[in-house]
Amino acid sequence: MSQRTMMELGAGVVVGGAVLLAISPSSFSLSGLSMLAVLLLGVGPLLYKGLMHTIEFLASLSRSKKHDKIDGYNNQYDENKSAEDRNKDYANLVDSYYDLATEFYEWGWGTSFHFADRRKGETFQQSILRHEYFLAGRLGTKKGATLLDCGCGIGGAGRNNARFTGANTKAVAINPFQVDRG
């Protein structure tokens, strides 16, 4: 086991133990506490890793330069604005939405902003890659082919496809923030 894994395991056990104590240990039997301890050894590191990932995301939001976009987006739905007013300013509305959503998408999905079914024993990231490889296969993508990815987000799926197939991927996104991040 790596040092980092051991650290995650230890932190997970400590966090889980603190939760157990907070729940009120007097309501548990010794066998119940033993089963919970075993469960914490298995789940604790995952909880810790998820918590650290979430804290990292929230910290990145505090450094984000997109906070001014929140007010702009919310103002589009001011009760004094009509749908016609919003339609006149649709480009700003769309840009504001994607400026705000992109960091959240990256936190939840990584660089590929799409869904995929998960198979037994597969991680989330493996399901995303499998789906992208499946689509490349269904398209019959060959080395040297040119693919166009319209609405590519930050381009993760296109880059993965190019690595997997050797194709040349052209990616198009209309949001400047996503283009800069890709």
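Reader: Why does Arg181 count as partly exposed?

Author: Set the value against the cut-offs. Buried means under 20% relative accessible area, exposed means over 50%, and partly exposed is in between, with a 1.4 Å probe and protein chains only. Arg181 has 39% relative accessibility, so Arg181 counts as partly exposed. One caution belongs here. This is a predicted model, where local features need pLDDT of at least 70, side-chain atom pairs count only at pLDDT 80 or more, and totals for chains, interfaces and linings use all residues. Residues are numbered from 1 along each chain as its sequence is written, and side-chain values use heavy atoms, with hydrogens and water left out.

Reader: What makes the pair Arg181 and Glu106 a salt bridge?

Author: The definition asks for a side-chain nitrogen of Lys or Arg within 4 Å of a carboxyl oxygen of Asp or Glu. For Arg181 and Glu106, the closest N and O atoms are 2.6 Å apart. Arg181 lies in helix H8 (residues 176-181) and Glu106 in helix H5, so the pair ties together parts that are 75 residues apart in sequence. Helices here are DSSP runs of H or I with at least four residues, strands are runs of E with at least two, and both are numbered from the N terminus.

Reader: How many salt bridges does a search of the whole structure find?

Author: The search finds five. Some of them share residues. Asp117 and Arg119 meet at 2.9 Å, N to O. Glu122 and Arg130 form another, with the closest N and O atoms 2.8 Å apart. Asp117, Arg119, Glu122 and Arg130 are linked in a network of salt bridges.

Reader: Why is Ser127 called buried?

Author: Its relative accessible area is 0%, so Ser127 is buried. Ser127 sits in helix H6. Beyond residues up to four places away in sequence, Ser127 touches Ala116, Asp117, Arg118 and Glu122. Contact means heavy atoms within 4.5 Å. Other buried residues in H6 include Ile128, Glu132 and Ala136. Helix H7 (156-165) is part of what covers the buried residues of H6.

Reader: How do you know that the length of H6 agrees with its number of residues?

Author: The expected span of a helix is 1.5 Å times one less than its number of residues. Helix H6 (residues 124-139) has 16 residues and should span 22 Å; its end C-alpha atoms are 23 Å apart, which agrees. Just after H6, Gly140 takes a positive phi of about 70°.

Reader: Which residues make the nonpolar surface patch of about 510 Å²?

Author: Tyr90, Val94, Tyr97, Tyr98 and Ile174 make it. Patch residues need over 30% relative accessible area and no salt bridge; like charges are joined within 9 Å, and nonpolar side chains (Val, Leu, Ile, Met, Phe, Trp, Tyr) within 5 Å. The areas come from the Shrake-Rupley method with a 1.4 Å probe, and for residues only the protein chains shown count as cover. Tyr97 is in helix H5 (residues 90-109). At 34% relative accessibility, Tyr97 counts as partly exposed. Tyr98 is also found in H5, and is partly exposed at 32%.

Reader: What is Tyr98 in contact with, leaving aside its neighbours within four places in sequence?

Author: Tyr98 is in contact with Tyr105, Asn175, Phe177 and Gln178.

Reader: Which element has the lowest mean pLDDT?

Author: The term first: pLDDT is the predictor's confidence in each residue, from 0 to 100. Helix H1 (residues 3-23) has the lowest mean, 63, while strand E1 (residues 146-150) has the highest, 94. Over the protein chain the mean is 80, and 73% of residues reach 70 or more. Where pLDDT is low, the predicted coordinates should not be read in detail.

Reader: How many helices and strands does the protein chain have?

Author: The chain has eight helices and two strands. From the N terminus on, they run α-α-α-α-α-α-β-α-β-α. Of the 182 residues, 25% are buried.
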